[in-house]
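I'll jot things down as I look them up, starting where chains touch.

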Amino acid sequence: MAALADTWQALLDWYFALPTAILVPIAGLLKVLAVFGWIVINVLILIWLERKFSGRLQSRLGPMRVGRPHGWAQTLADTIKLLVKEDIIPRGVDRWLYVIAPAVVFTPALLVWAVVPFTKNWIVSDLNVALIYVAAAGSLAVLGIFMSGWGSNNKWSLLGAMRAAAQIISYEVPSVLSLMGVVMIAGSLSLQGIVAAQHRVWFIFLQPLGFIIYLISTMAELNRTPFDLTEAESELVAGFNTEYSGLRWAFFFLGEYANLLAASAIAATVFLGGWSGPFLPGIVWFVLKTYFFVILIMWIKWTMPRIRIDQMMEVGWKFLIPAALVNIAITGLVLLVV
Amino acid sequence: MAEIDLRTVTGGDRPELRDVVQKDLHEDEILVNMGPQHPSTHGVLRVVLRLSGETIVDAYPDIGYLHRGVEKIAEGWTYPQFIPMTDRLDYVAAISNELTYVLGVEKLMGLEVPPRAAYIRVLMAELQRVASHLVWLGAFGGDMGALTVFLYCFREREKILDLFEMATGARLTYSYMRIGGVRNDLPPGFVEKTRDFIKLMRERLKEYDALFTGNRIFEARTKGIGPLSAEWAIALSAAGPTLRGSGVAYDVRRAEPYLVYDKLDFEVPVGKNGDTYDRYICRIKEMHESLKIIEQCLDALPDGEVMAKVPKVIKPPEGEIYAMTEAPRGATGVYIVSNGTGNPYRLHWRAPTFANLQLIPDTVRGFKIADAVMIMGSFDVVLGEVDR
Amino acid sequence: MNTLEDIYRSSVSFAKGLGVTFKNFLRKPVTLQYPDERPVLPVGYRGIPALLSDKETGKARCTACGICARTCPLGLIKIDSVLGPDKKRILNDYTLEAGRCMVCNLCVESCPFDSLVMANDYELADYDPDKLYFHKDRLVELGRPYEHSDPFHVDEPKKAAAEAKPAGEAKPAGEAKPGPGGEGA
Amino acid sequence: MSFPLTINLYTVFFGLLAFIALVAAYEVVTNRLITHAAFFLALVFVAIAGIFLMLGAEFLAVTQVLVYAGAVTVMIIFAIMMSQAGEVKIEECGRPPFTRRLWMRLVSSQWGLLPLVFALAFALAMFGVYARASWPVRMLLADRVGPATPNTSLVGAQLFSTYAIPFEVASVVLLVALVGAIVLTGKEDKS
């Protein structure tokens with residue numbers, strides 16, 4: 001044990017003695033790897049959780065066979081299955097777009113994690129425009145969906161991509177606007193700053209309207225029921241990922257759950273005080289709050305029927321955006337008065 | 001571009017369909033094959049959609065992917081042998097098909113079934129109606145993305161299937177009705193279990209209500225979608241809840257009572273606007289009515305035989321007959337021509353969903369793809385019956 | 001005002017829906033872990049037709065009359081029999097093409113000697129399609145646990161017929177012709 | 001902190017991003033598949049955002065991605081898909097292998113060397129500017145030079161003081177464009 005500790009110390013010493021030009025990129029790489037690992041492990045848990053949770057909601061058991069108790073290894077088995085599946089690129093697809101689309105969909109989910117504070121010190125980069133950065137990263141995913149939709153050379157895919165574009169573009173507006181109230185109170189766009197501003201009271205209590213708008217628009221951006229129009233199974237077969245299979249499809253899946261996790265983490269950070277909390281270490285609070293949102297979103301998903309595309313646009317433009325603007329106005333007035 | 005778009009796996013469509021769908025195709029419009037392998041066509045229905053954006057300009061249903069030649073098979077089989085085959089027509093409501101068929105043969109032979117058999121038949125048919133409507137409700141929810149309702153409905157249907165299994169020995173293709181009665185009497189404990197089920201079902205129906213009926217999204221997705229006027233429904237001989245949803249209070253059980261329906265107290269729910277929502281409400285109310293009928297049957301169940309005296313070999317006299325019952329999907333009819341031998345000379349099956357299928361183009365026109373899914377779902381199409 | 005009412009109504013309906021799913025979350029799952037737990041089959045469950053055998057002798061009760069073979073809508077039953085010395089048919093083999101059987105129960109009902117039964121077995125899949133032709137020995141084995149074809153009550157004529165069996169086919173039903181029961185002979 | 005023109009990590013990063021931006025821009029101009037051109041345009045925007053980020057202009061970088069890569073590109077792609085350009089099939093374009101395509105572009109096609117020359121000239125100019133200017137490079141040095149001062153407030157203050165009128169005028173112009181687009185695309189209700 002002592003020898004191991006010595007080796008570790010020696011390694012650290014050696015590392016910190018490195019010139020800056022090498023040290024900084026290595027540190028960055030390590031951070032990226034850590035975040036990637038965090039995402040992959042959590043996605044494995046999330047997929048299992050979604051299956052078990054939806055199963056219980058539906059009076060089922062969910063996976064039970066692979067890995068007892070309660071089929072904990074099911075996702076692992078599925079991952080292996082997807083990895084070894086034959087890689088099919090249908091004839092007539094736009095090869096380049098078809099191939100890179102899954103990566104483009106997944107990358108934004110990875111990017112978001114660069115600014116999410118796990119604890120007081122655990123953060124890849126405390127960007128001072130973190131909140132807008134999150135929105136910007138989210139808006140990139142739509143490009144990937146477009147690539148897959150167009151590249152698949154399939155009408156259902158194309159319809160799914162068109163829907164995705166309309167949906168994500170219109171729901172980005174209320175999503176960002178709903179966060180503005182928080183920014184106005186916190187006086188900072190940095191997520192650490194927002195966490196710090198919540199040391200007395202969580203923003204969910206100061207910004208209930210903003211929270212609801214954020215929740216709805218986030219669910220829309222995540223393509224979760226009632227807003228899962230881009231891959232609405234009963235309408236568009238599988239939407240933009242109709243033609244995908246195997247590893248590429250797995251990337252879409254990974255991206256979807258990574259996005260869910262990221263959105264939940266942002267919601268927990270912005271509205272529930274992030275890692276701050278009594279007694280327990282910060283990381284525990286952070287994970288608890290994140291998973292609270294994950295469960296909430298899953299619960300809504302497995303209860304609601306799906307809304308129609310034009311109705312969804314209507315909700316976005318005619319209800320959420322005005323409501324978000326009203327929220328900003330009220331927040332501004334209150335801030336002026338107080 | 002249209003030529004290549006409509007290619008099926010076997011290469012090339014039949015010219016009638018190809019020419020029709022491509023007629024006057026505007027350059028803004030695209031043709032999309034919905035089905036025969038599509039998650040929401042409930043089997044192997046194919047609908048060619050002509051879309052402008054997501055709006056449906058026109059729809060062309062194409063059937064025949066499940067054709068088995070049932071009517072021709074009947075000509076080669078004896079009358080009792082055909083009973084198991086009727087199970088395979090509308091496989092979601094097998095008992096109702098059997099009932100239609102045996103009623104037809106009995107009418108042809110002038111047979112009278114014992115009262116107990118008549119009550120058991122009604123009891124089974126109504127249980128089947130609830131089971132079938134549950135399948136429909138679940139699939140309808142699935143069409144709308146509410147998969148949880150799907151599983152709830154199947155959970156409750158499982159209870160009905162348990163009852164059926166108890167009484168008939170099978171869960172899907174019952175082969176229970178016989179010419180002259182039913183195969184066997186109700187097993188001990190069946191009545192009590194059915195009463196328990198009715199109690200449970202009434203409770204669960206409230207839960208479905210909470211998930212759907214008042215739900216804002218559900219209302220937005222169904223109200224005013226796919227309206228069907230009463231005149232048009234009659235003109236295209238729509239059947240079942242699709243017809244009644246449009247406000248036509250026609251129910252074979254009421255209009256031409258068979259078995260003991262004239263002794264039972266039940267209502268025929270009708271809709272007002274004939275939209276998807278009304279068809280939904282009709283079916284939900286029908287489930288309540290069916291539970292009521294089942295209860296009355298259990299109360300009034302007389303003692304006695306369950307089979308009439310029937311000759312060993314069934315050879316109906318020469319003649320032709322049309323018998324009709326109200327199956328869960330609507331008026332199901334059987335037309336039998338007998339030439340006095342042991343096999344039907346000709347048998348024709350009148351499938352309610354076949355008639356309802358004609359309504360698709362008229363009702364989906366001008367709506368979105370998502371609405372089309374809902375509208376088709378609300379007709380409750382079972383392809384086994386359509387293609388025969 | 002209309003909008004506010006709408007929002008209120010929607011929220012209430014959503015809350016109700018979430019309440020229902022939550023209530024079901026607390027309920028016990030109904031899933032049956034199939035190979036580990038097995039369903040309790042009701043009396044009279046229809047699995048696959050099997051031959052009933054005599055309790056004492058252990059031999060099949062079948063008299064090779066061939067009515068079942070003619071009743072079967074799909075013609076899956078083949079009976080191989082020889083004419084014994086006392087003009088009685090002796091059952092050689094009884095073949096059921098189980099892979100195509102639709103378990104309609106018509107053969108069991110038609111049997112005048114109460115010698116067929118619907119067995120409860122349902123796990124009869126096989127890798128070799130040829131093994132799905134069930135022969136006499138297997139069918140007798142499948143029918144071993146059952147005493148009568150009618151699970152709820154044994155009606156008298158059939159019972160009598162069953163008892164009368166050793167004495168010969170005193171009551172061949174209606175128009176039963178004692179011809180060779182199948183083309184498989 | 002000023003940067004001499006030496007080969008260090010930042011120069012490498014800049015070179016990489018600039019190269020990506022230039023190649024992508026070249027493809028935007030010359031690619032015969034209009035959807036591909038649109039996606040390359042998005043790549044240009046992202047690469048430029050990366051350069052902004054290197055220069056410590058986080059707000060600009062993020063806005064660049066949000067508005068240009070996210071929204072504007074999507075609008076362009078949307079327009080392409082809605083228009084009849086979507087009819088062009090990939091096979092009809094007859095994509096030759098990459099090396100031959102490169103050769104065609106460079107030497108023989110009607111585009112010839114022109115875009116490349118322009119691109120190279122632009123690159124040289126950019127590099128000259130980059131070499132001379134003094135950049136507040138903070139992003140990658142955050143650990144060494146301390147936390148960055150937020151430039152969001154700076155941008156905000158500028159927008160609402162010095163550039164208040166242009167800002168408002170621009171927003172009115174955008175509004176007019178928005179309304180115009182709706183009027184132009186909104187079809188008459190036939191029924």
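**Where A meets C**

I started with a charged pair: C:D36 forms a salt bridge with A:R65, and the closest N and O atoms are 3.2 Å apart. I count a salt bridge when a side-chain nitrogen of Lys or Arg is within 4 Å of a carboxyl oxygen of Asp or Glu. The rule finds one salt bridge across the interface of chain A and chain C.

Before going on, I noted that this is a predicted model, where local features need pLDDT of at least 70, side-chain atom pairs count only at pLDDT 80 or more, and totals for chains, interfaces and linings use all residues. For bookkeeping, residues are numbered from 1 along each chain as its sequence is written, chains are lettered from A and ligands numbered from 1 in the order in which they are written, and side-chain values use heavy atoms, with hydrogens and water left out.

Next I looked up polar contacts, and the rule finds eight residue pairs across the interface of chain A and chain C, both residues at pLDDT 80 or more. Here a polar contact is a pair of N or O atoms within 3.5 Å; within protein, one must be able to donate a hydrogen and the other to accept it, and residues adjacent in sequence count only if both atoms are side-chain atoms.

Which elements of chain A supply at least two residues each to the side that touches chain C? They are helix 2 (20-57) and helix 12 (282-301). Helix 2 of chain A gives the most, with three residues. My helices (H or I, at least four residues) and strands (E, at least two) are DSSP runs, numbered from the N terminus.

By class, I have nine nonpolar, two polar and four charged residues on this side of chain A. Ala, Val, Leu, Ile, Met, Phe, Trp, Tyr, Cys and Pro go down as nonpolar, Asp, Glu, Lys and Arg as charged, and the others, Gly among them, as polar.

For the overall tally, 15 residues of chain A are in contact (heavy atoms within 4.5 Å) with 16 residues of chain C. The two chains bury about 1400 Å² between them, and 64% of that is on carbon and sulfur atoms. Buried area is the accessible area (1.4 Å probe) that two parts lose on being put together, summed over both.

**Where A meets B**

Then I turned to chain B. The contact takes 25 residues from chain A and 35 residues from chain B. Chain A and chain B bury about 2500 Å² between them, with 61% of it on carbon and sulfur atoms.

Is C:T21 buried or exposed? It is buried, with a relative accessible area of 0%; my cut-offs are under 20% for buried, over 50% for exposed and partly exposed in between (1.4 Å probe, protein chains only). C:T21 lies in helix 1 (residues 2-26) of chain C. Leaving aside its neighbours within four places in sequence, C:T21 is in contact with A:L57, A:W299, A:W302, A:T303, B:T148, B:Y152 and B:L211.

B:F164, in helix 7 (residues 147-168) of chain B, is also buried, at 0% relative accessible area. Its contacts beyond four places in sequence include B:I95, B:M124 and B:Y174. B:F164 and B:Y174 are ten residues apart in sequence and 7.7 Å apart in space, C-alpha to C-alpha.

I noted two positive phi values in residues other than glycine: near 50° for B:S175 and near 60° for C:A64. B:S175 lies in the loop between helix 7 and strand 4 (177-178) of chain B and is buried at 1%.
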